[in-house]
Amino acid sequence: MAGMSKIEWTEATWNPVTGCTKISSGCKHCYAETMAKRLKAMGNPRYARGFTPVLHYDLVEHPLHWKKPRTIFVNSMSDLFHDDVPDSFIGSIFKTMGEASWHRFQILTKRSARLREVAPSLPWHSNIWMGVSVEDRLTKHRIEDLRATPAPIKFLSLEPLLEDLGHLDLSGIAWIIVGGESGPGARPMDPLWVRRIRDICSQSDTPFFFKQWGGVVKKKTGRNLDGRTWDGMPDEALTIAST
């Protein structure tokens, strides 16, 4: 439920919540759902209910036991702002992140309306990065919800990128991740969509991270764009609090 990660833009994962439900087109081929089914079949007790949302109270303070500073993706197997997660549980996760000041925490949600609603009551600390997933034009409204929060570092995960997003207002946005869908049934991503986002990032001095082209076997397509890798990160990423 916690450990090192192969995700290109983080170092570790922490899953005090597992399971989710689909809410938009980007969820169609959810990697977490596929993994949850596999783990249930393997007899993993954390996934006895498959991909039904479950709160793991015993993992709430888990990062406090990791003494070496890490960049941690929160709930890679769920969505912290899912309707089945009580406000009090969200608050306890934020409390732990604030206490574990030597780590950097990255949270992603597709439920930006809930995020916007509860954000004013949450204890935001400088080591908490808050992001929203945007896969198509219909989900661009999530950017405005994110922008309305007091999160110190705001970022966008444009993955799986399913169409040209058109104009993007990146004011107040500290980081952009772009990636194509991977796995069986993966929907293709047009390189022109990626280049337009990269150019918008360049014009606005927003760090750009290209995660992958995706496809059925993502290792074959790699993550090079125009002859190089793009590993932009916010300036804050250069240091981690040591206290």
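This is a predicted model: local features need pLDDT of at least 70, side-chain atom pairs count only at pLDDT 80 or more; totals for chains, interfaces and linings use all residues.
1. Residue G98 is found in helix α2 (residues 87–99); helices (H or I, at least four residues) and strands (E, at least two) are DSSP runs, numbered from the N terminus. G98 is buried, with a relative accessible area of 18%; buried means under 20% relative accessible area, exposed over 50%, and partly exposed in between (1.4 Å probe, protein chains only). Although 26 residues separate G98 from W124 in sequence, their C-alpha atoms are 7.6 Å apart in space.

2. Residues are numbered from 1 along each chain as its sequence is written, and side-chain values use heavy atoms, with hydrogens and water left out.

3. Helix α1 spans residues 31–41, and its residues A32, E33, A36 and L39 are buried. These residues lie on the same side of α1, because they cover an arc of only 125 degrees around the axis; the arc is that of the directions from the helix axis to the C-beta atoms. K37 and A41, on the other side of α1, are exposed. Just after this helix, G43 takes a positive phi of about 85 degrees.

4. The whole structure contains 11 aromatic pairs. Rings of Phe, Tyr and Trp (its six-membered ring) pair if their centres lie within 6.5 Å; planes under 30 degrees apart count as stacked, over 60 as edge-to-face and the rest as tilted. Y57 and F89 form an edge-to-face pair, because their ring centres are 5.0 Å apart and their planes stand at 90 degrees. Y57 lies in the loop between β4 (54–55) and β5 (71–74) and F89 in helix α2, so the pair ties together parts that are 32 residues apart in sequence.

5. F155 belongs to strand β8 and W175 to strand β9 (residues 175–179), 20 residues apart. Both F155 and W175 are buried. They also belong to one aromatic cluster, together with W9, F73, W129 and F209.

6. S157 is also placed in strand β8 (residues 153–158). S157 is buried, with a relative accessible area of 3%.
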